[in-house]
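Please open the model in your viewer and keep the sequence panel beside it. The tour below moves from one selection to the next and says what is there at each stop.

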Amino acid sequence: MTFREAAVAELDIEGVEERAEGAVLALGDVPASRKEIRLARALQESMISAVRPALHGVDVSYRYLPASDGVRIGGDWFDALPLPGGRTALAVGDVMGHGWRSAAVMGQLRAAIHALCTLDLAPAELLRRLDRLAQQLGDGHLATCLFAVYDPVARRCRMASAGHIPPVLVHPRGRPEVLQPPTGPPVGVGGGFETAEFSVPDGSHLILCTDGLVTPPGRDVAAGMRALCERVAGRARPLEQICEDAVRPLTGVTRTDDAALLVARLRGPGGDVVVETSLAPAPGVIPQARAFTRAALTRWRMEGAAPAVELLVSELVTNAVRHATRPIRLRLVRTSGLLCEVSDGDTAMPRIREPDESAESGRGLQLVAALSLRWGACRAPGGKVVWFEHPGTPEG
């Protein structure tokens with residue numbers, strides 16, 4: 001029994017679909033079956049990431065191995081998506097069953113994750129929403145999924161699991177560690193999910209895979225995970241070589257399930273690229289915030305952007321002062337431009353309002369939206385973070 005089947009053993013969807021597909025062949029409908037195989041392969045290939053996006057502090061490599069028997073095309077997928085604030089989302093999933101229907105469900109769930117990522121949700125909350133969506137789409141939309149968010153500045157990785165194979169973290173010196181985020185039920189079943197947070201040393205590798213990689217015939221999950229750890233452990237080597245080492249046992253052999261692998265090298269920013277300070281929740285700290293910002297921009301030779309950035313920082317800190325009951329954190333990160341984050345202990349999320357002509361407030365976020373490349377807010381333990389990105393030039 002595979003990892004995902006153990007999670008929902010009472011839902012023997014895979015067995016039902018296999019018998020149905022076998023019946024098609026037994027009835028002699030070979031042309032129709034081959035057409036479904038071609039359709040499933042085309043859909044699967046269209047959903048597998050072919051372009052590596054520009055990611056802050058993350059390099060990725062991947063492999064997808066279809067099952068040897070074309071009828072058993074599955075619904076494995078993976079993704080590496082840039083998030084606001086220089087963070088990266090890493091996802092891997094596996095739809096229950098095989099055939100073109102599973103590949104189609106995979107496409108729907110993967111597209112939903114892309115859309116949900118724009119909301120900048122915590123991993124557990126994203127899986128909760130994906131689970132509700134899968135239930136609304138109807139029976140059969142069941143999948144395991146692991147969703148992780150890497151913050152290169154904090155050097156932390158937050159993740160949540162929906163009945164999926166646990167990830168492996170290979171430390172800089174080559175020691176593999178199987179991470180154990182709390183595991184909820186598969187997506188589409190209904191249930192709760194939790195977010196776990198892990199420290200990630202610079203130069204670590206995060207290995208995400210589906211169970212087809214670690215549970216070939218005759219091997220259980222525990223033995224498969226131990227074998228995977230042995231293959232990815234050891235000396236530093238290129239990402240492509242790690243991928244090759246990880247999938248080598250499946251190369252050239254009969255495979256009854258498809259397998260997906262995503263390997264991400266994680267690294268924080270180097271040098272003098274991050275500064276932060278703590279501010280009292282009082283109106284008098286605005287000049288302090290502006291002076292702190294000006295000093296950082298001067299050190300980074302971004303003086304030309306100082307007037308605009310100081311104004312935006314003032315707006316975010318002013319909003320935080322209105323609601324905060326504990327110290328406010330201001331953090332500036334030099335990327336290709338500039339990232340600013342203001343954290344406070346209030347859980348209410350900001351939103352742009354349309355103030356009337358006589359209103360004395362409400363225009364701050366409009367100003368932030370107009371003068372920055374992008375802005376947003378996300379929940380954080382004990383409060384929220386409001387951020388904006390600026391190109392770091394006067395034209396921004």
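Throughout, buried means under 20% relative accessible area, exposed means over 50%, and partly exposed lies in between, with a 1.4 Å probe and protein chains only. This is a predicted model, in which local features need pLDDT of at least 70 and side-chain atom pairs count only at pLDDT 80 or more, while totals for chains, interfaces and linings use all residues. Residues are numbered from 1 along each chain as its sequence is written, and side-chain values use heavy atoms, with hydrogens and water left out.

A search of the whole structure finds 22 salt bridges, each being a side-chain nitrogen of Lys or Arg within 4 Å of a carboxyl oxygen of Asp or Glu.

Next, select aspartate 272 and arginine 299, which form a salt bridge with closest N and O atoms 2.9 Å apart. Because aspartate 272 lies in the loop between β11 (259-266) and β12 (274-279) and arginine 299 in helix α8 (residues 286-299), the pair ties together parts 27 residues apart in sequence. Arginine 299 is partly exposed, its relative accessible area being 46%.

Finally, select Glu125, Arg128, Arg129 and Arg132, which a network of salt bridges links.

Notes
Helices (H or I, at least four residues) and strands (E, at least two) are DSSP runs, numbered from the N terminus.
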